[in-house]
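The sequence and the model are shown first, and the description follows.

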Amino acid sequence: MAVLVRTVGTALGSKLITDEMETDSQNAAPKSANITGASGTAIMCKVDNTGNSHEVYYKLANATSATVGTTEPNLKIRVAASSSQTVAFGDANGQTGIAFSSGFSHWVVKEADKTGTTGPDSKVTVNLLVT
């Protein structure tokens with residue numbers, strides 16, 4: 001599993017993170033800690049779960065590290081089986097994105113609750129646009 005961070009020149013975000021998250025041989029949930037190495041704002045996210053016949057939950061925390069099953073995520077996105085989900089972050093007041101003061105750590109599990117630690121059966125690709 002490798003995390004790819006690319007600089008992009010858009011009015012929305014300056015970095016596009018692509019993370020192909022795969023479960024290890026012990027079925028532990030895949031995670032990546034401090035993926036940008038800095039604080040920032042999450043603008044948009046696409047989670048591709050087309051390779052799995054079960055739903056997954058993408059979880060993102062305002063943290064430089066995270067412990068799957070213990071860390072409370074700041075954001076949780078349910079992605080149905082054999083599908084992908086794209087979410088743009090903002091509010092009714094025109095605020096774009098969700099600010100993260102510490103950094104971005106994220107993971108993917110089968111369970112919705114915080115204590116879930118079971119990784120997906122197959123790879124889940126996450127694209128995250130940040131500033």
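With which residue does Lys 123 form a salt bridge? The partner is Glu 20, and the closest N and O atoms of the two residues are 3.8 Å apart. The model in which this pair is found is a predicted one.

**Overall architecture**

The secondary structure of the protein chain consists of ten strands and zero helices. Read along the sequence, the pattern is therefore β-β-β-β-β-β-β-β-β-β. The radius of gyration is 14 Å, close to the 14 Å given by the globule rule for 131 residues, so the chain is as compact as a globular protein of that length. Taken along the principal axes, the C-alpha atoms fill a box of roughly 40 × 30 × 25 Å.

Of the 131 residues in the protein chain, 40% are buried. The chain exposes about 6300 Å², and carbon and sulfur atoms supply 46% of this area. Among contacts with a separation of 6 or more, 74% are between residues 24 or more positions apart.

**Salt bridges**

A search of the whole structure finds four salt bridges.

The bridge between Lys 123 and Glu 20 links distant parts of the chain, 103 residues apart. Lys 123 belongs to the loop between β9 (104-109) and β10 (124-130), whereas Glu 20 is in strand β2 (residues 15-21). Lys 123 has a relative accessibility of 35% and counts as partly exposed. Glu 20 is likewise partly exposed, with a relative accessible area of 36%.

Glu 55 is partly exposed at 28% relative accessibility, and Arg 78 is partly exposed at 45%.

Because Lys 114 lies in the loop between β9 and β10 and Glu 72 in the loop between β5 and β6, the pair ties together parts that are 42 residues apart in sequence. Lys 114 is partly exposed, with a relative accessible area of 36%. Glu 72 has a relative accessible area of 52%; this value is over 50%, so Glu 72 counts as exposed.

**The aromatic pair and its surroundings**

The count of aromatic pairs comes to one. The pair is formed by Phe 100 and Phe 104, whose ring centres are 4.8 Å apart. The angle between the planes is 45°, which lies between 30 and 60 degrees, so the pair is classed as tilted. Both Phe 100 and Phe 104 are buried.

Ser 39 touches both of these residues. Beyond residues up to four places away in sequence, the contacts of Ser 39 are Phe 100, Ser 101, Ser 102, Gly 103, Phe 104 and Thr 131. Ser 39 lies in the loop between β3 (31-32) and β4, and is partly exposed, with a relative accessible area of 42%. Ser 39 and Ile 77 are 38 residues apart in sequence, and their C-alpha atoms are 21 Å apart in space.

Conventions: Residues are numbered from 1 along each chain as its sequence is written. This is a predicted model: local features need pLDDT of at least 70, side-chain atom pairs count only at pLDDT 80 or more; totals for chains, interfaces and linings use all residues. Side-chain values use heavy atoms; hydrogens and water are left out. Rings of Phe, Tyr and Trp (its six-membered ring) pair if their centres lie within 6.5 Å; planes under 30 degrees apart count as stacked, over 60 as edge-to-face and the rest as tilted. Buried means under 20% relative accessible area, exposed over 50%, partly exposed in between (1.4 Å probe, protein chains only). A salt bridge is a side-chain nitrogen of Lys or Arg within 4 Å of a carboxyl oxygen of Asp or Glu. Helices (H or I, at least four residues) and strands (E, at least two) are DSSP runs, numbered from the N terminus. Contact means heavy atoms within 4.5 Å. The radius of gyration is taken over C-alpha atoms; the globule rule is 2.2 Å times the number of residues to the power 0.38. Accessible areas come from the Shrake-Rupley method with a 1.4 Å probe; for residues, only the protein chains shown count as cover.
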